[in-house]
Amino acid sequence: MIVSKQKPFSEILASLENISRVFLIGCAKCATVCKSGGEEQVWRMQEDLIAAGKEVTGSMVIDEACHMLRVQRDLRAKGEMVTAAEALIVLSCGAGVQSVSAGSDRATIAALDTLFLGNIRRFGQFEQRCSLCGECRLNETAGICPVTACPKGILNGPCGGMSEGKCEVSPDAECAWYQIFVRLRDRDGRPLSPETTPPKDFSKLVKPGSLTLER
């Protein structure tokens with residue numbers, strides 16, 4: 001899921017310096033789980049904006065704000081309220097904000113900062129496990145991504161700063177390559193591969209990314 005957090009309200013308010021009427025949009029997926037852009041957060045944002053002297057013409061929580069066609073459909077369904085607003089405040093990840101911006105002629109204000117692709121440890125606790133590098137090597141590393149888990153993103157074993165299995169950059173954390181070594185040994189019964197991992201193919205990170213499924 002995409003992990004996000006709400007921008008400081010003062011920053012959002014500063015973006016509305018010459019705007020008095022706004023429409024609020026949340027997302028029922030990731031932003032709801034992160035408690036940054038679900039129904040509760042949209043409602044609180046509405047209360048705060050009204051208290052700050054703004055007029056809220058309406059609000060909605062889109063099922064998937066990153067779904068561009070669905071966003072356009074939902075914006076049409078709220079046509080009068082959207083048209084009455086000078087700006088749309090979007091409480092979703094950056095993908096959702098851009099779906100809304102592409103689907104409306106109104107100014108679009110991002111109310112959240114998009115942080116990372118995260119796993120859910122438990123309610124309210126998220127951890128980055130994947131960097132979306134486009135070249136997954138988890139089969140060789142016992143399901144632990146060194147690109148993400150190692151602060152240096154090293155692909156060929158631990159750096160010289162590892163000490164007693166601990167990370168040089170974050171001494172309280174286990175070294176990613178120590179974790180890989182232990183998991184390979186204990187679970188798979190095999191050692192670290194002596195082969196050198198070739199440099200990453202950064203051409204796979206060319207932006208913007210796109211993928212069209214074959215029918």
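Predicted model: local features only at pLDDT ≥ 70, side-chain atom pairs only at ≥ 80, totals over all residues.
**Sheet and neighbouring helices**

Four strands form an open sheet in the order E3-E2-E4-E5, and their pairing is parallel. Strand E3 (55–62) and strand E5 stand at the edges with a single partner strand each, so one side of each has no neighbour in the sheet. From one strand to the next, the twist averages 25°. The parallel pairing of E2 and E3 extends over seven bridges. Gly26 stands opposite Val61 in E3.

Helix H4 lies across E2, E3 and E4, and runs at about 140° to E3. H4 (68–77) is also one of the elements against which the buried residues of helix H6 pack; the others are strand E2 (21–27), strand E4 (87–91) and strand E5 (107–110).

Which residues of helix H6 (residues 94–102) are buried? They are Gly96, Val97, Ser99 and Val100. These residues lie on the same side of H6 because they cover an arc of only 160° around the axis. Gln98 and Ala102, on the other side of H6, are exposed. The helical repeat gives the background: an α-helix has 3.6 residues a turn, so residues three or four places apart point the same way.

**Leu184 in helix H8**

Leu184 is located in helix H8 (residues 176–188). Its relative accessibility is 0%, and Leu184 therefore counts as buried, the cut-off for that class being under 20%. When neighbours within four places in sequence are set aside, the contacts of Leu184 are Glu140, Ala142, Gly189, Arg190, Pro191 and Leu192. Between Leu184 and Lys5 there are 179 residues of separation in sequence and 35 Å in space, taken C-alpha to C-alpha.

**Salt bridges**

The structure contains 18 salt bridges. In general terms, side chains of opposite charge can pair when their charged atoms come close.

| Pair | N to O distance |
|---|---|
| Asp113 and Lys7 | 2.6 Å |
| Arg44 and Glu40 | 2.8 Å |
| Glu135 and Lys200 | 3.5 Å |

The salt bridge between Asp113 and Lys7 links distant parts of the chain, with Asp113 in strand E6 (residues 112–122) and Lys7 in the loop between strand E1 (2–6) and helix H1 (9–14), 106 residues apart. Asp113 has a relative accessible area of 26% and is therefore partly exposed. Lys7, at 16% relative accessibility, counts as buried.

The pair formed by Arg44 and Glu40 is set within a helix: because the two are four residues apart in helix H3 (residues 39–51), about one helical turn separates them. Arg44 is partly exposed, with a relative accessible area of 47%, and Glu40 is likewise partly exposed, with 35%.

The side chains of Glu135 and Lys200 also meet in a salt bridge. Where do these two residues lie? Glu135 is in the loop between strand E7 (125–128) and helix H7 (146–149), and Lys200 is in the segment after H8, so the pair ties together parts that are 65 residues apart in sequence. Glu135 and Lys200 are both buried.

Methods:
Residues numbered from 1 in each chain as written. Heavy atoms only, no water. Buried < 20%, exposed > 50% of the residue type's maximum accessible area, 1.4 Å probe, protein only. Arc of directions from axis to C-beta. Contact = heavy atoms within 4.5 Å. Pairing = 2+ DSSP bridges. Axes fitted to C-alpha atoms, helices over the stretch in contact; angles between N-to-C directions. Salt bridge = Lys/Arg side-chain N within 4 Å of Asp/Glu carboxyl O.
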